[in-house]
Amino acid sequence: VQLQASGGGLVQPGGSLRLSCKASGTIFSVNDMGWYRQAPGKQRELVASIARGGSTHYAESVKDRFTISRDNAKNTVSLQMYSLKPEDTAVYYCNAEGLSTPWGTVFNSWGQGTQVTVSS
């Protein structure tokens, strides 16, 4: 299963960006989907995740600023980011895990990463 992410870029502090990610390949079902980020010199961290049923989890640092959503029919996940801060600067990675077959072949895939830079 492959994930293709898009939507990164350069934005001024206080601005907004929307990231999107689509899963493709041999997919029976996608369970959890999420966005992670990795800033220079830091470990990759979870930004937000969303279960198939729609329940969400956010890192404390992005609560009330970021919104994660998904379209189960299209196997896509999006991250709408508002009120961006310089400390949000990082490479953002999408992640998805699920089943490739009805009999339980598990996948856990990562997108290629998209750069988000928040700077004036």
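Cys21 and Cys94 are both buried, where buried means under 20% relative accessible area, exposed means over 50%, and partly exposed is whatever falls in between, using a 1.4 Å probe and protein chains only. This is a predicted model, in which local features need pLDDT of at least 70 and side-chain atom pairs count only at pLDDT 80 or more, while totals for chains, interfaces and linings use all residues. Residues are numbered from 1 along each chain as its sequence is written, and side-chain values use heavy atoms, with hydrogens and water left out.

The two cysteines are joined to each other by a disulfide, with the sulfurs 2.1 Å apart; the term stands for a pair of cysteine sulfur atoms within 2.5 Å. The structure has one such link. The torsion about its S-S bond is about 60 degrees, so the disulfide of Cys21 and Cys94 is right-handed. Cys21 sits in strand β3 (residues 17-24) and Cys94 in strand β9 (residues 90-99), so the pair ties together parts that are 73 residues apart in sequence. Strands here are DSSP runs of E with at least two residues, and helices are runs of H or I with at least four, numbered from the N terminus.

Seven of its ten residues are buried, which leaves β9 mostly covered. It pairs with several other strands, and pairing takes at least two DSSP bridges between the two. With β4, strand β9 runs antiparallel, and eight bridges join them; here Trp35 has Cys94 as its bridge partner in β9. β9 also runs antiparallel to strand β10 (residues 106-110), this time with five bridges, and Leu99 stands opposite Val106 of β10. Six residues lie between the strands in the hairpin of β9 and β10, and there Gly104 takes a positive phi near 105 degrees. Three bridges link β9 and β11 in the antiparallel sense, with Ala90 opposite Val116 in β11.

Then there is the inside of the protein. The largest nonpolar core has 29 residues, and Trp35, Val47, Phe66, Ile68, Leu79, Met81 and Tyr92 have the most contacts inside it. Such a core is a set of buried Ala, Val, Leu, Ile, Met, Phe, Trp, Tyr and Cys residues joined through side-chain atoms within 4.5 Å. Strands that each supply at least two residues of this core include β3, β4 (29-38), β9 and β11 (114-118). Looking past residues up to four places away in sequence, Val47 touches a list of residues that includes Trp35, Phe66, Leu79 and Tyr92, with contact meaning heavy atoms within 4.5 Å.

Gln112 is found in the loop between β10 and β11 and has a relative accessible area of 42%. Its C-alpha is 8.0 Å from that of Cys94, though 18 residues separate Gln112 and Cys94 in sequence. Leaving aside neighbours within four places in sequence, Gln112 is in contact with Leu3, Gln4, Ala5 and Tyr93. A polar atom of the Gln112 side chain lies 2.9 Å from the backbone oxygen of Ala5. Glu97, for its part, belongs to strand β9 and counts as partly exposed at 23% relative accessibility. With residues up to four places away not counted, Glu97 touches Val30, Asn31, Asp32, Phe107 and Asn108.

Notes
A polar contact is a pair of N or O atoms within 3.5 Å; within protein, one must be able to donate a hydrogen and the other to accept it, and residues adjacent in sequence count only if both atoms are side-chain atoms.
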